[in-house]
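Let us walk through this structure step by step. We will take salt bridges, helix pairs and a sheet in turn.

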Amino acid sequence: MENTLHAKYGLKRVINASGRMSILGVSAPSDSVMEAMKAGGQAYVEIADLVDKAGDYAARIMGAEAAVVVNSASSGIALSVAGIVTRGDRRKSLRLHQDPITRNEIIMLKGHNVQYGAPVETMVYLGGGRIVEAGYANEGKAADIEEAITDSTAAILYVKSHHAVQKNMISVEEVSDLARRRGIPLIVDAAAEEDLRKYVALADLAIYSGSKAIEGPTSGLVAGKRSCVEWVKSQLYGIGRSMKIGKETTFGLLQALDEYIVKEDTSEREVESLQSLMVLNEIAGLQVSIVQDEAGRAIFRARVHIEPEKAGTDAASVAKALQGGEIAIYTRDYGVRQGYFDIDPRPLQGDDIAVIAARIQELAGGKA
């Protein structure tokens with residue numbers, strides 16, 4: 001089917017070795033998830049009933065008081081902020097950005113104000129909030145957050161992401177304690193995180209992508225305290241209308257959740273699959289090693305270091321050429337300026353790993 005659609009619409013074959021990336025469609029849902037989407041899409045439901053029942057179903061799995069399915073983690077940020085600053089007030093919700101809201105400051109560590117395909121702060125402003133940065137780009141302490149709290153503080157937003165600075169930043173557990181002691185709602189953006197219960201337990205609202213770790217269709221989940229989730233749901237009749245999620249996607253996400261909670265740990269198998277890239281160590285200037293995810297998750301990738309003087313090319317050039325080939329190969333290229341890129345085995349399919357090895361050999365001067 002994929003090849004048929006690619007041919008029909010003139011699309012290139014893409015090998016995704018970069019991870020759960022939005023620019024590549026994030027993940028490839030299972031057959032059973034797609035079947036649930038088909039069955040759900042071909043039936044009528046009362047959408048309000050589906051919103052409530054789907055939220056209750058997800059909340060039970062996530063250990064939350066309540067939850068709501070949204071169309072992405074990004075919209076989850078905007079809707080969470082809108083919910084928190086309006087607190088269920090119907091007029092304020094409907095007139096967001098028209099009437100002034102005095103308590104709309106969202107405190108965020110400066111090192112968490114990142115770009116993930118869109119700026120986090122854009123989602124905050126979309127939700128009617130105003131960012132107040134705390135700390136510095138390379139350091140964030142409890143005192144920095146304490147000093148930023150004013151009568152206008154609506155919430156603290158903590159971003160748990162590989163995009164955000166990890167070193168010298170106060171932990172989410174410490175921020176949770178601080179927020180509870182000061183009586184301020186805590187929103188945690190945990191879009192790509194794999195533990196669906198950890199951040200729910202720490203936050204008033206925790207936001208997850210439905211298509212990253214869960215591997216469902218493009219969607220998101222906001223889970224947490226019932227009162228806060230109800231405030232978020234009230235936004236579905238305001239700015240959330242432009243972010244609505246279809247019934248077929250909701251059914252697909254619920255099926256993906258069912259499968260995710262019983263999913264086996266495949267990290268050892270994935271590490272084993274990467275061994276086929278070790279042949280690249282035979283090429284002058286190339287060094288391949290296995291590294292763990294920088295956020296500490298049980299995700300392991302192959303790191304390809306390239307020494308330009310010995311290889312006659314560099315990591316940035318090879319990564320760019322991989323993307324530009326007849327088969328577009330996307331690596332995890334955040335480290336190209338430091339001389340390396342990573343191969344993430346999780347999204348690879350079929351003969352992808354062999355195609356990657358052969359293409360790198362070709363580009364780096366070895367024999368294909």
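The salt bridges of this model come to a count of 21. The model itself is predicted. Side chains of opposite charge can pair when their charged atoms come close. One of the pairs joins aspartate 52 and lysine 233. Their side chains meet at 2.6 Å, N to O. This pair links distant parts of the chain. Aspartate 52 sits in helix α3, residues 47-62. Lysine 233 sits in helix α10, residues 226-234.

Two packed helices are described by the angle between their axes and the distance between the axes. How do the axes of α3 and α11 cross, and within what distance do they come? Helix α11 covers residues 247-260. The axes of α3 and α11 come within 11 Å and cross at roughly 15°. Angles under 35 degrees count as roughly parallel, so α3 and α11 are roughly parallel to each other. Their crossing is left-handed.

Which residues make this contact? From α3 come Ile47, Leu50, Ala54, Tyr57, Ala58 and Ile61. From α11 come Lys247, Thr250, Phe251, Leu254, Leu257 and Asp258. Nine residues of the contact of α3 with α11 are nonpolar, one is polar and two are charged.

Now to the sheet. Three strands form an open sheet, in the order β9-β10-β12. The pairing is antiparallel. β9 (286-292) and β12 (340-343) each have a single partner strand, so they stand at the edges, and one side of each is left without a neighbour in the sheet. On average, neighbouring strands of this sheet are turned by 30° against each other, direction ignored. Seven bridges pair β9 with β10, residues 300-306. Leucine 286 stands opposite isoleucine 306 in β10.

A helix lies across this sheet's strands β10 and β12. This is α14, residues 315-324, running at about 40° to β12. Helix α14 also meets helix α15, residues 352-363. The axes of α14 and α15 come within 10 Å and cross at roughly 125°. α14 and α15 are therefore oblique to each other. The crossing of α14 and α15 is right-handed.

What meets what here? Val318, Ala321 and Leu322 in α14 meet Arg359, Ile360 and Leu363 in α15. The contact of α14 with α15 has five nonpolar residues, no polar ones and one charged.

How values were computed. Residues numbered from 1 in each chain as written. Predicted model: local features only at pLDDT ≥ 70, side-chain atom pairs only at ≥ 80, totals over all residues. Heavy atoms only, no water. Pairing = 2+ DSSP bridges. Helix = DSSP H or I, 4+ residues; strand = E, 2+ residues; numbered from the N terminus. Axes fitted to C-alpha atoms, helices over the stretch in contact; angles between N-to-C directions. Contact = heavy atoms within 4.5 Å. Parallel < 35°, antiparallel > 145°, perpendicular 65-115°, else oblique. Left-handed = near helix turned anticlockwise from the far one by under 90°. Nonpolar A, V, L, I, M, F, W, Y, C, P; charged D, E, K, R; others polar. Salt bridge = Lys/Arg side-chain N within 4 Å of Asp/Glu carboxyl O.
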